[in-house]
Amino acid sequence: MKELEAKHERWVRSSAALEESHDAAQVPRCAGGGGRDQGQIAAKLEPERAVLEKEVGDLDRLREELDRLKETKAAHQQRETAANAAGREFDLAKREHEKRRDETKNRIDNLHRKIASLRTDIDRETAFSSLRDEGRLEERVTRIARELEWLADRATWSGN
């Protein structure tokens, strides 16, 4: 791009010099040799100007391509920034999930240890005490059922 811009500047100067020489050739000079010298300079500069004009023709196309590439680069950087942010968010969510999973696993392990440490054997005295308590419970349940029947019968007698 810089090289083309330098060539463009040379082309502008050559074009300007060529135009000056053409203008000078058009204007009659007092000293007759001046116009001829200008014409010779213009003739020498013409091939260089043609080459530079061809190369400068690509300059506008290259500038448009440069603008398009800059826009593409900016869009790419935006997408890359968004992708990085999404990656960080995913990593954070993953760490949080792993933390909750580990906490749940620890709670389950603690419960298993508690269950494993429970005694499953009882001594003779505890067994008989439980049986006696169970018997008393059955007796109380039977008594409550009889009292409920008595209350229901009494309510029907009082209602008549």
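Helices (H or I, at least four residues) and strands (E, at least two) are taken as DSSP runs and numbered from the N terminus. On that basis the protein has three helices and zero strands, and its elements run α-α-α from the N terminus on. The model is a predicted one. Of the 160 residues in the protein, 9% are buried.

Helix α2 spans residues 33-117 and contains Asp67. Asp67 belongs to a negative surface patch, together with Asp60, Glu64 and Glu71.

Helix α3 covers residues 124-159 and includes Ile144. A nonpolar patch on the surface is formed by Ile144, Leu148, Trp150 and Leu151. Together these four residues have about 450 Å² of accessible area.

Thr156 is also placed in helix α3. A polar atom of the Thr156 side chain lies 2.7 Å from the backbone oxygen of Asp153.

The table gives the relative accessible area of two residues.

| Residue | Relative accessible area | Class |
|---|---|---|
| Asp67 | 44% | partly exposed |
| Thr156 | 47% | partly exposed |

Why is Asp67 classed as partly exposed? Buried means under 20% relative accessible area and exposed means over 50%, with partly exposed in between. Asp67 is partly exposed because its relative accessible area is 44%. Thr156 is likewise partly exposed because its relative accessible area is 47%.

How values were computed. Residues numbered from 1 in each chain as written. Predicted model: local features only at pLDDT ≥ 70, side-chain atom pairs only at ≥ 80, totals over all residues. Heavy atoms only, no water. Patch = residues over 30% accessible without salt bridge, like charges linked within 9 Å, V, L, I, M, F, W, Y side chains within 5 Å. Areas by Shrake-Rupley, 256 points an atom, 1.4 Å probe, with all protein chains shown as cover. Salt bridge = Lys/Arg side-chain N within 4 Å of Asp/Glu carboxyl O. Lys, Arg positive; Asp, Glu negative; His and termini not counted. Charge placed at Lys NZ, Arg CZ, Asp CG, Glu CD. Buried < 20%, exposed > 50% of the residue type's maximum accessible area, 1.4 Å probe, protein only. Polar contact = N/O pair within 3.5 Å; in protein donor to acceptor, adjacent residues only side chain to side chain.
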